[in-house]
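Subject: Structure for you to look at

Hello,

Here is the structure I said I would pass on. Please open it first, then read the notes below it.

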Amino acid sequence: MAEPKPDELVQIDYAPPHAPWPGPGAQFRKGTYSHAGAAKNLKYLGLPNPRDWQPPDADWKLPENWREIVIQGMRERLEKYRSFRLFMDICVRCGACADKCHFYLGTGDPRNMPVLRAELLRSVYRRYFTPAGRALGRLAGARDLTVDVLKEWFYYFYQCTECRRCSVYCPFGIDTAEVTMVARELLNLVGCNINWIVEPVANCQRTGNHLGIQPHGFKDTLDFAVDEIAELTGIRVEASVNRKGAEILFVAPSADFYGTPHYYTLLGYLMVLHEARVDYTFSAYASEGGNFGMFVSHELMQRLNAKIYAEARRLGVKWVLGGECGHMWRVLHQYMNTLNGPPDFLEPPVSPVTGTVFSNARSACAVHICEFTADLVAHGKLRLEPARNDRFAVTFHDSCNTARGMGLLEEPRLLLRAACNRFFEMPENTIRERTLCCGSGAGLGGDENFETRMRGGLPRAAAVRQVKEAHGVNLLACICAIDKASLPKLLDYWVGGVEVAGVHELVGNALVIEGEKPRATDLRGEAYV
Amino acid sequence: MVTAAIAYLAFAIFVAGTVWRVVAWARVPVPFPIALTCGQQKSLDGIRAAWLENPWTPAGAACRTALEALLFRSLFRNSRAQFLPGPRFIYRPALSLWAGALLFHVCLFWVWIGHLRFFVDPALLGPANRFVDAGLLAGLAFLFLRRVLDPRLRYLTLLSDYLPLALLATVASSGILMRWWFHTDAAAVKRFALGLATFHPIAPVGVGLLFYVHLFAASALVATIPFTKLAHIAGVFFSPTRNLPNRSRARRHVNPWLAPAQVHTYAEWEDEFRDRMRVAGLPLERQ
């Protein structure tokens, strides 16, 4: 498939159509949607309606009573989620959210305005659950649930990355991520999902990680990483797997073990944890911090997440340390304790190096690696030589989930300022709680979805271009595995000459390990300048 | 007496509808602590946490909600994105909606408070002055015109969005006409209102047509509040992204309907991979 060129994609028409909303249904144009979930994955997970189909098909092979299933599913969720019910009722359509969505900014498609994305669901809610909608239909903004409406749901709710930027600006705090999560649950009830989500979920259920790496392969990778660090520094670090009696269980997104540039972040973790003399272990059973179950349903999120506490209990650790990942931390911070807690077999986390009590994590007993390392740096426990990162002019991309679902803003910045001499912020409307999504989150990172991803990431890329032009920025640091997977491609496409790295890669570069030999290169094998 | 009956009916619908609406929201659980954080979390001692934008305590969250309800905090962040060649986006502060909305709501509230003088004897407060009346009309005109003039807003506006605006315009303009130009016998209105308030309704005497327009439109407005988007008046206090503290790792949030997870257990997992794990030298629970 020929990929569209940047100068084609920048022809964005923001003028809304003349025909009134809702207008024609979704157009499944190649490059703008993801492949359907494969039957074998749905079967493995016990999800409804496994079959062979693709979104452009006229016949989606829905169950005969699909409408009843969806309406009933909606009824149940209106009784289970106050957020969902409230967000169906109180939107005043003020339009403040309209141009806050990166997909709207990148496509100009009015149904990508958060208000109208939610309206896709709200119109059906009104028709079946409100007196005015039942009686007045279109006049009250209600519409029947038809196959075309279902197809529209599929297209637009798999064109939302649950980044929650719109909610920052909403005067009622309406959170499109909540609406999208419910909409995806409804779509899943009749077997409408995408393979880039359900395959990792099926892999994770079986092997313990999204990539489907089996335990011996997992160990091999860690051994390889240890060898690589030994070659670079002359220091052999420890990286145990499934070791009972360790103090800490370390869980990272599995992309850190296999992806590029994620892998250099893994090297950074190993070096920091070695230098701090932390007694920790990896687990091959819980070898995934990320959680694509979140992009299917709360139930699957719970199922995959349960492995972390279960493994912490089996190994007898005291607490859990988590790697750099966005939605993983949405789950660990806001869901894990509720879904699979309370972890009363663990202890409130205490840094074995500084004695700092992480009281903000005393109940869930899970600490973010940036919190942990920032504490080390703040206490002067790590010797850092920022000059080793001097070939980089660095900017920082807040990932959506850690910024808006946690508030982890200063910890990574503290690390970057300590590990790099040249650090520059992007414009203030594009960072911290206003950060712009990479355009590939929430399971939308498939190659086939290329055009939508490039469009969705355009606002982020444009902000990177600004700091590149102003300060010569040539490296974007981030703390999210999906960012590390998608931003290199995005920045090549729109900007050029900007690499992507994890924060712990830069810390690893700058870290002076006790007794190390002079390093010939940085973690990427490239010469220091 | 029909007039009084309509007023009572509208009020009864409003009260019953509001109770129904609020109870409908309140009895649905908040299953997960989904605070939306707009500032630094509380973590390490050396890092200053944003107690209001990322509240750590319920009191902080209450302040955050109050700021949202009283001063429209989130609208104050509003910006307008502009796409330029480069490609490049600029985001300009766009405070007109915040200012217009605040003007409208403050003036409406003020005018409403001013109406209490009809229901209390002796009146404790005077009526709103003409600047407030003018502000109310200006706010309404702004809210209406932006829906008509801005193509994006025109597209996302539903027919049902114009209904409250039309009712409000009718109520406000008839009231203002009565107060400043076609004076109505305020004493007669007060006798009628006090009759309503003390449940000894009397027919209004000596009031003009404008009074009936005002009263009936206000009745219609009040009666529709619980059933339309006007329910946002109560809803803003219920929003879980704003009214929850962000301390889910420090204190467990309980979900009343959650069932235990159907985990793929460690034992099942080891059963599948035992041989390869043994070869790789990984520890096993069962040999």
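This is a predicted model: local features need pLDDT of at least 70, side-chain atom pairs count only at pLDDT 80 or more; totals for chains, interfaces and linings use all residues.

The size of an interface is often given as accessible area lost when the parts come together. Another way to describe the interface is to list who takes part: 118 residues of chain A and 89 residues of chain B are in the contact.

How many salt bridges are there between chain B and chain A? The count is eight. In one salt bridge, A:Glu79 pairs with B:Arg27, and their closest N and O atoms are 3.3 Å apart. There are also 64 residue pairs in polar contact between chain B and chain A, counting pairs with both residues at pLDDT 80 or more. Helix 12 of chain B (residues 266-280) gives seven residues to the side that touches chain A, the largest share. Sorted by class, that side of chain B holds 47 nonpolar, 23 polar and 19 charged residues.

**A hairpin in chain B**

Strand 1 (residues 79-84) and strand 2 (residues 88-93) of chain B run antiparallel and are joined by six bridges. The two strands form a hairpin with three residues between them. In the turn, B:Gly86 has a positive phi of about 150°.

**Two domains in chain A**

The domain assignment divides chain A into domain 1 (6-30 + 48-192) and domain 2 (202-510). Their C-alpha centres lie 31 Å apart. The contact between them takes 27 residues from domain 1 and 32 residues from domain 2.

The two domains of chain A bury about 2700 Å² between them, with 59% of it on carbon and sulfur atoms. One salt bridge is found across this interface. A salt bridge also joins A:Glu451 and A:Arg29, with the closest N and O atoms 3.1 Å apart.

Regards

Terms used:
Residues are numbered from 1 along each chain as its sequence is written. Chains are lettered from A and ligands numbered from 1 in the order in which they are written. Side-chain values use heavy atoms; hydrogens and water are left out. Contact means heavy atoms within 4.5 Å. A salt bridge is a side-chain nitrogen of Lys or Arg within 4 Å of a carboxyl oxygen of Asp or Glu. A polar contact is a pair of N or O atoms within 3.5 Å; within protein, one must be able to donate a hydrogen and the other to accept it, and residues adjacent in sequence count only if both atoms are side-chain atoms. Helices (H or I, at least four residues) and strands (E, at least two) are DSSP runs, numbered from the N terminus. Ala, Val, Leu, Ile, Met, Phe, Trp, Tyr, Cys and Pro count as nonpolar, Asp, Glu, Lys and Arg as charged, and the others, Gly among them, as polar. Two strands pair if DSSP finds at least two bridges between them. Domain bounds come from an automatic or database domain assignment. Buried area is the accessible area (1.4 Å probe) that two parts lose on being put together, summed over both.
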